[in-house]
Amino acid sequence: MQRDKQHPLSQAFDKVWHDGLLYKIKHILPLYFDLMRSHLRDRTFHTSVKDHTSITFPITAGVPQGSVLGPILYVLCTSDLPKTNCTTTGIIADDTSILAAHNDPHTATQYLQYHLDLLQEWLHKWIIKINATESVQITFTLRKGQCPPVSITNTELPVGNTIKYLGIHLDQKLNWKEHIIRKPKQVKLKVKDLYWLIGRKSPLLLENKLFLYKTIIKPIWIYGIEIWGCASKSSKAILQKTQSTTLRMMTDAPRYVTNLTLHDDLKIPFILDVITDIRQTPLQISYTS
């Protein structure tokens, strides 16, 4: 299984071609064409450095960032990204991934390269620049070896052993080791920032410390637990140690107080219990016709 994960569009929101975007809006949402045209047209910018200001220039590309319409306009711009029957495409804002799966690594590469060739034509047509060197090609497999390299815009994509996608670190064997190694580091940095509030000498009430832990620190490691929760017990023990250490610091508990007592008194479940609860929670889907 091979995956090409990209941040393909260089300064994506700033480089959307107005004329091309308006052409798509006219065909996709014709009723809103005049409104969108007035929203994009006649925008200008200038640069100021101390007491000096440049002349005014027209803005001919990009969508207004910070506006409600900005992401919608970008989605309209990329709504016709090329797809194939042999690959799967995932798009979150300007973060695009292409997945090709096959038992034969050379066949998987052929599928991926064909999709990239189509993407290259699309980028050229709509005057969009790609950062090929910021893209990463990764092979997910339990076998030895890598899939052959692929390229776009005559640039071979870098090959990586791990990749970060939507805040989750994926490694080649999908054992989540890289992700779980990074999370304690992030937790420790956040604990350091909040130490004056949740530390041993903080005058803050314990219930308020726990509130900060649950709302700021816990979300750091629990994010994506439905996916990485299948990691080995030894890997999950790394996160559990980080949680126990943090709770012990917050309460200034003496050494003779066990981690079990600490978690029970604070009503904080162990990480393994959190994973078990999530697995046992039934999935409910509501459908109305």
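Guide: What follows begins with the core, moves to some of its residues and helices, and ends with the chain as a whole.

This is a predicted model, in which local features need pLDDT of at least 70 and side-chain atom pairs count only at pLDDT 80 or more, whereas totals for chains, interfaces and linings use all residues. Residues are numbered from 1 along each chain as its sequence is written, and side-chain values use heavy atoms, with hydrogens and water left out.

The largest nonpolar core has 33 residues, where a nonpolar core is a set of buried Ala, Val, Leu, Ile, Met, Phe, Trp, Tyr and Cys residues joined through side-chain atoms within 4.5 Å. Buried here means under 20% relative accessible area, exposed means over 50%, and partly exposed lies in between, with a 1.4 Å probe and protein chains only. Ile-198, Trp-221, Trp-228 and Leu-247 are the members that touch the most others in this core. At least two residues each come from β11 (162-165), β12, α5, α6, α7, α8, α9 (259-266) and α10, and α6 gives the most, with six. These elements are DSSP runs numbered from the N terminus, helices being H or I of at least four residues and strands being E of at least two. In soluble globular proteins, nonpolar side chains tend to be buried together.

In the loop between α9 and α10 sits Lys-267, a residue with a positive phi of about 60° although it is not a glycine. Lys-267 is exposed, with a relative accessible area of 67%.

At 6% relative accessibility, Trp-176 counts as buried. Not counting residues up to four places away in sequence, Trp-176 touches Ile-168, His-169, Leu-170, Asp-171, Ile-227, Trp-228, Cys-230 and Ala-231; Trp-228, in that list, is also one of the core members with the most partners. A polar atom of the Trp-176 side chain lies 3.4 Å from the backbone oxygen of Leu-174. Trp-176 and Lys-236, 60 residues apart in sequence, have C-alpha atoms 9.7 Å apart in space.

Apart from the 33-residue core lies another core, of 27 residues, among them Met-36, Leu-119, Ile-130 and Ala-132. Elsewhere, Ile-28 is found in helix α1, residues 18-28, and is partly exposed, with a relative accessible area of 43%. Leaving out residues up to four places away in sequence, Ile-28 touches Leu-76 and Ser-79. The C-alpha atoms of Ile-28 and Thr-251, which are 223 residues apart along the chain, are separated by 58 Å.

A search of the whole structure finds zero disulfides, a disulfide being a pair of cysteine sulfur atoms within 2.5 Å. The sulfur of Cys-86 is 14 Å from the closest cysteine sulfur, that of Cys-147, which is too far for a bond. Cys-147 is buried at 8% relative accessibility, while Cys-86 is partly exposed at 38%.

Taken as a whole, the chain holds 10 helices and 12 strands, and buried residues make up 40% of its 289 residues. Its radius of gyration is 25 Å, whereas a compact globule of 289 residues would have one near 19 Å; the radius is taken over C-alpha atoms, and the globule rule is 2.2 Å times the number of residues to the power 0.38. Along its principal axes the C-alpha trace spans about 70 × 60 × 50 Å. Of the contacts in the chain with a separation of 6 or more, 63% join residues 24 or more positions apart.

Definitions and conventions: Contact = heavy atoms within 4.5 Å. Polar contact = N/O pair within 3.5 Å; in protein donor to acceptor, adjacent residues only side chain to side chain.
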